[in-house]
Each structure stands twice: as C-alpha cells, then as structure tokens.
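Subject: Structure handover

Hello,

Here is the structure I said I would pass on. Please open it alongside this message, as the notes refer to it throughout.

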Amino acid sequence: MRNKRFILYLLVIFVTTIMLIVFLQYNSNNNINKLIGGNESLIREFQVIGETQKLETDLLFIESHIYRTVFNKDSSFVNDIQGNEQNVRKVLGKLRPLVLTDSTKRLVQELDSLVESKLEFGHSILDALFTKGQAAAIETYNNHRKTYVMGNIVHVISLLNKPRQQYLTKLVIDANKSGQRAREWGLILAISVVLASILTFEYIARRIKRQQQLYEQLNESEKKVREAGVIKENFMANMSHEIRTPMNAILGFTNLLQKESLNEKSREFVRSIQSSGESLLEIINDILDFSKIEAGMMRIESKPFSLRELLHSVKTMFDTRIQQKDLQFTVNIENSIPELLTGDAVRLTQILVNLVNNAIKFTASGAIKINVSADYQKEDRIDILFSIKDTGIGIPANKVEAIFDRFQQADEDTTRKYGGTGLGLSIVKQLVDLQNGTIRVTSVLNEGTEFVFSIPYTIARESTGHEDLKLYSSGETDLMDSHLKILVAEDNVMNQSLMGHLLSYWNIAFDIVKNGEEAIEALQQQDYRLLLMDIQMPLMDGYTATLKIRNELGMNIPIIAMTAHAMTGEREKCICYGMNEYISKPIREKELFQIMKKILKQNNGIPEIKNGKGQHSVHPYEFLSLDYLKEVSGENTAFEISMIKQFLRQVPDELKSMTEAFDKNYDAELAHIAHNLKTSVSFMGLSKKLDHHLDFIESNAINPNLRDQVEENMIIVMNICQRTFRDVRDYLAQNAPESMKGQKN
C-alpha cells in the first residue's frame, strides 16, 4: 500500500512539474514572440525613415546636378541625374506600401505629385538648355524657383515621419517590456525547476531514510525472531528434558514390572500405564517434530535402505493393535520396485506410522491396505507411490481441504473420542514436502479414507552392508567379563533407580554419581570401562565434565550421552564435545544394550595403558589414523615417527596462531592458517573429521555476521586436535618411547 502511495506521490509531482514548466514556457514564448514582432516593426519603421531620407537625398542630388549643368554648361551630370531619377522612383515604389494607410493616403498622394512635379521641372530646364540654350534654361530655372517644390517635399516627408516617430517610441517601449517579461518568466521557470528538484530530492531522501529505518527495523525484527527461535529451541529442549525424564522412569519401571510375577489385575494395570505412557510419548514426539520442522531444523538424510524390510517392520509394529481390533492388514508392493533405494528411511517410517496409526485409530472394523507401486522411473530415479486405505469413519467433504492444517481434526469431538493433538497429518504433509513429494487424500464419510503420497528416491546400486539387529536375549546378557564396571552420572533419583535395575539385570557392576564433579572424582579413584553421562546435571553438566575428562584428565574412556534433548543436531553436538555415542530419553533398554555392546566390543581385549599421571587411556585410538601416512611412507617407520613428531610440534603452534588471529580480527591470516591446517592434519587421518570445519573457517573468516559460527568450528577443531595429541603421544609411547622423554602429556 505504501509503495502505491509513494508512486502516486511521484506521479503527482511529475505531472505538476510538467504542467508548471509548460505554463511558464508558454508565457515565456508569448513574450518572446511579442519581442520578435516588436523588433520586426522597429526594423520596418527604421526602413521607412531610411527610405524617406534616401528619397530626400536623391531629390537634392538631382536639383544640385541640374543647377551645375545649367550654370556650368557641364553635360557630364546628365547621366547622374537620370540615375538619381531612377532611384527616386524605386524609393517611391518601396515607400508606398510601407506608409500607405488611411491616415497617410493623402500625404502619400501629395508626395507622389510633388516628386513628379520636381522631376518634370528638372526635365523642362534640361530641355531648355539643350534646345534653346543656357539663357533660356536659366530663365526657366528662375521662373520655377518661385514655387520651391523641394521644400514642400521635405514638409510632406516630415508629416509622414512624425507619427512614425511616435509609433517607433511605442515599439521600443513595448519591446523593452516584452524582453523584461520574457526574462522574468525565464527566471521564474529556472527558480521553479530548481525548487521542484530540491523538493523532489528532499522527498525522495526522506523516503529513502524512512526505507532505511524500515530495513533496520526489519533486521532488528529478524534478529528478535532468531533470538525467539533460539529461545523456542531452548524451551523445547528443556521441555523435552523435563517431560522425557519422568517418562523414562515411568516406561522403564513399567517394562521391569512386566518381567515380574504379577496377577492378572496388576498386569492389566501395568499394561494401562505403559499404554498411557507411550501415548503421552507419542504426543510429545509430535510436538517436538512439529517444532523442529517449523524451526527448519528437520534434516532429510540420504542413505541406502530396503523398502521391503521397512514395510515389513511397519507391519510388524502394528500387528498387536490390528489383532486387538480384529482388522485385516495387508501390504502389497510391486515386484518391479528395486530392492534397495537411497533416501531417508526414518522419515518414510514416520510418515507411514502416522498414517497407519490414524487408519487403525479411526477404523472399527474392516481392513487397512498399504499398496506400493512405481509411479515414475527414469535411469536411477524412481518415484514411489504409497497408498494407505482404510474402511474407517471417513472425513466430511467440507473438512478434507483443512485436514493437513495444524491442530485440525475432522470433527470437534474427534480429539475427545480418539485422542491426539491434530499435528500428525500436518507433520506428515511437511515431511512429504521436505522430501520433494506430494500427498493427497480422498474420503467418503462412513465408508473410509485413502491417503496417497509420492516421494522420489534414487535406486541404490550397492549393498547397504547392514546386518539385521540382533536383539539381546536372556542368554547373552553378560556383556563382558566379571571385571567390567560402569560409571553412571545421573541426578534424577528415579533414573538412578532405573539404571541400577537395568545394569543389575545385565549382571554389570556399576557406581552411580549425581553430577559431573563426582564423575570426575570417581574416575580418578577407580577404573571404569564405560561412562553413562546425563547432560543436564547440577554443579557440572555433562558437556563440561566430558571436556575436563578429555582435556584435563587425558582419558579416552568411552562416554555415552544420555539426554532428553530430542532436537536435531544433539547427537553431533555430543560427539563434538568428546562423547562416543548418544541415546535419547526415555531410554529403551534394547537400544541402550546394543549401544553398550557395540562400544564395549570395540574396546574388548585392548589393554589399558597408564600415563605419567597414573590416569588411564583406552585403545584403539579415538581419532588417530595412520593409514594415509603409512601409505605415503612406504612402511618407513622412521619417516612416520618424524612426521608424527613434526605434527606435535607444528599443529599446536598453528592452533595458537589461529586463536590469536581470531581474537585480533586478522581475518586473512585466520583463513590462511585454516587452509594450511587441512594439510597438517591430513597425515594423522583427520581430513574427514576436520576438513568441513576448516573449510567453513576459511570461507567465512571475513564475514562478521558468521563470527560466532566460525568460533564454534574453531572450538571443535581444537577439541579434536587436543584429543588427537593424546592419541599421538600414546602411539609414540608404544612405538618410540625414547621420543617421549621430556614430553608433556
């Protein structure tokens, strides 16, 4: 609206300025035309005066030449007399139209008559001279002299010129006035143009200033929006923690209770508790997923997966509920669909689970069918079409279009009758959109609903290399030997109790501490093979404790983060702080068992090596990989040792220089150091872990808006390098102990 008003203002100013210029130019031209007309009249009047003076002069010449011819008997003047007569007649011819008006007509006629008389008088004198002699000519001259014609001619010319003088004076005055008015209008035009330009410039300047203020306000608003987003993210993370922590205890203890000997009534109560807890967890997950999508934090991954196995898992997931409601559940997939696809299997599962869950919820009897077909295929791209059809209550026609809106359900009573938040289908729609897919719904009230969505995938040409997850059984609960001991850092009493029950059930020795400070103290006093670390704890949180364990204690003990922060990127954050793995609360015992089994298996049989402070490190090395160095060295051990020593000497100095360059805002030097570090760290096998961080620092060192992100990447680089330094020193202690003399750990 403001842009239209601004354009209208400019248009009004432009039209007004043009009209003013035209008006001023018209008046200026009018006065100039008057000035030109007056000048032409002046020229004509001056021409009249000139012609009358010439007429008078020629007549005087004729009279003078006749006198000389008669009295001096000199005939040489005859030709001049004839020439002057011709000039007189020409002048009269020019003069008549210039001076002949109603008021001067009589004078013009009198002038013509007098001139003719004057000329005839001259002819008679000359005729007398040439026919009768000088005496007769003189007599004739004297006789005619009594009537002095020339005087009369001069008098008539004077009468003709007298009004012309007055008219001439008037013309001069008018010309002066016209010239003055033209100058005034020209000055007004110039002033008007200058004022219009100044006013227009001032208006545009004010508009630009206002626009700049709006831009600044917009930037400030965007900043506040970003801050609000951070606050929202922190709120969601804290809410996730506060809700998932008691949920962890509820579901965990429920699971443990189901393993106890219970009567049927108690077992029913336990099942109700677990069902309610899982329903509540489902609502929490919906809210968190929706928040992640709204905040742009939902990331779509692309990994190979088996579509048939995924559909089988989904079907298996709902078998119990299908049997409870006595429904038919079928899954059909076209044979032409490839075995392996590349895409986000987790998000596809989430979409299918939401849609199938809705179908089961709203279908009291009948069947639910999943049909999967190839909608489009070209080369290695294939669009997979999924159809989830049920025979449930259906959706009213006037509600179909809004079914994917947030917090919307088909009927106001739906939430009360069937539960849910109204977010599930909105999340499904946004997840499909994030994967460049489409989704539609058709429904007939009281007959059923069909959701159809299509997502593009890439056909995987290689085997996924994955193995089916082998779930634990009662016969494989002993993860390690009897010397295995685990430290648990958890402040919540219920979670402490739950972890104690789980570890006891797995025959694992353990100690429990309440915060990061106690965890560090316990690690200094006893040997543990694994640390289960909660993130949010009093006195010292899990992140700070991990940094101290890695950097100050110099220990490589495997650390599994336990956090209720279910936000995207939390796992990467935990890894960057030095933890080995991450598990989200509420903790599922199968998932925790598999993670512990994986990590302890990696470290099984590796002896512990004590450093100079009596602290412990566990091998294999956390970050150090000498594959590339061994490849380029040709198995030359001496060269490898020298390169490793050079790494220990050079990289710490480069990290120090990088920090100084950042603190002093030496952007070019910071970018240069980051570029050089990529080569230095590559020999220790750190390219995959550090190159993208160093690339970010190098590319954005000069960008003041990304200074915080540059600093975050620098912290990650330095943390990984510090942990690699410990790996390198351990390697040298084993393979070149003499080189470690005098070295600090």
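Below are my notes, from the whole chain down to single residues.

**Overall**

Keep in mind that this is a predicted model. The chain has 745 residues, and 42% of them are buried. It holds 20 helices and 14 strands. Take the contacts with a separation of 6 or more: 72% of them join residues 24 or more positions apart.

Start with the surface patch. It is nonpolar and consists of L8, L11, V12, F14, V15, I18, M19 and V22. Together these residues have about 760 Å² of accessible area. L8 belongs to helix 1, which covers residues 2-72. The relative accessible area of L8 is 48%, so this residue is partly exposed.

**Y141**

Next, a buried tyrosine. Y141 sits in helix 4, residues 134-145. Its relative accessibility is 7%, so Y141 counts as buried. Which residues does Y141 contact, leaving aside its neighbours within four places in sequence? They are Y67, F71, F121 and I125. G122 is 19 residues from Y141 along the chain, and the two C-alpha atoms are 8.6 Å apart.

**Helix 8**

Helix 8 runs over residues 345-361, 17 residues in total. From first to last C-alpha it reaches 24 Å, close to the 24 Å expected at 1.5 Å a residue. Most of helix 8 is covered, with 13 of its 17 residues buried. Its N-terminal end is capped by D344. There, a side-chain oxygen of D344 lies 3.1 Å from the backbone nitrogen of R347.

**Helix 18**

Helix 18 covers residues 667-682. The buried residues in helix 18 are L670, A671, I673, A674, L677, K678, S680, V681 and S682. Note that K678 is in that list.

**Two asparagines with positive phi**

N507 is not a glycine, yet its phi is positive, about 60 degrees. N507 lies in the loop between helix 11 (493-505) and strand 9 (509-513). Its relative accessible area is 54%, so N507 is exposed.

N665 also has a positive phi of about 60 degrees, and is not a glycine. N665 falls in the loop between helix 17 (637-663) and helix 18 (667-682). With a relative accessible area of 47%, N665 is partly exposed. Why is N507 called exposed and N665 partly exposed? The exposed class begins over 50% relative accessible area. N507 has 54%, whereas N665 has 47%.

**Salt bridges**

Side chains of opposite charge can pair when their charged atoms come close. The count of salt bridges here is six. Three of these pairs follow.

- R308 and E339: their side chains meet in a salt bridge at 3.6 Å, N to O. This pair links distant parts of the chain, 31 residues apart. R308 is in helix 7 (residues 307-325), while E339 is in the loop between strand 2 (328-333) and strand 3 (340-343). R308 is partly exposed at 24% relative accessible area, and E339 is partly exposed at 42%.
- D383 and R381: this salt bridge has an N to O distance of 3.1 Å. D383 counts as buried at 11% relative accessibility. R381 counts as partly exposed at 40%.
- K429 and D433: the closest N and O atoms of this salt bridge are 2.8 Å apart. The two residues are four apart in helix 10 (residues 424-434), so about one helical turn separates them. K429 is partly exposed at 26% relative accessibility, and D433 is partly exposed at 36%.

Best wishes

Methods. Residues are numbered from 1 along each chain as its sequence is written. This is a predicted model: local features need pLDDT of at least 70, side-chain atom pairs count only at pLDDT 80 or more; totals for chains, interfaces and linings use all residues. Side-chain values use heavy atoms; hydrogens and water are left out. The expected span of a helix is 1.5 Å times one less than its number of residues. Buried means under 20% relative accessible area, exposed over 50%, partly exposed in between (1.4 Å probe, protein chains only). A polar contact is a pair of N or O atoms within 3.5 Å; within protein, one must be able to donate a hydrogen and the other to accept it, and residues adjacent in sequence count only if both atoms are side-chain atoms. Contact means heavy atoms within 4.5 Å. Patches are made of residues with over 30% relative accessible area and no salt bridge: like charges are joined within 9 Å, nonpolar side chains (Val, Leu, Ile, Met, Phe, Trp, Tyr) within 5 Å. Accessible areas come from the Shrake-Rupley method with a 1.4 Å probe; for residues, only the protein chains shown count as cover. A salt bridge is a side-chain nitrogen of Lys or Arg within 4 Å of a carboxyl oxygen of Asp or Glu.
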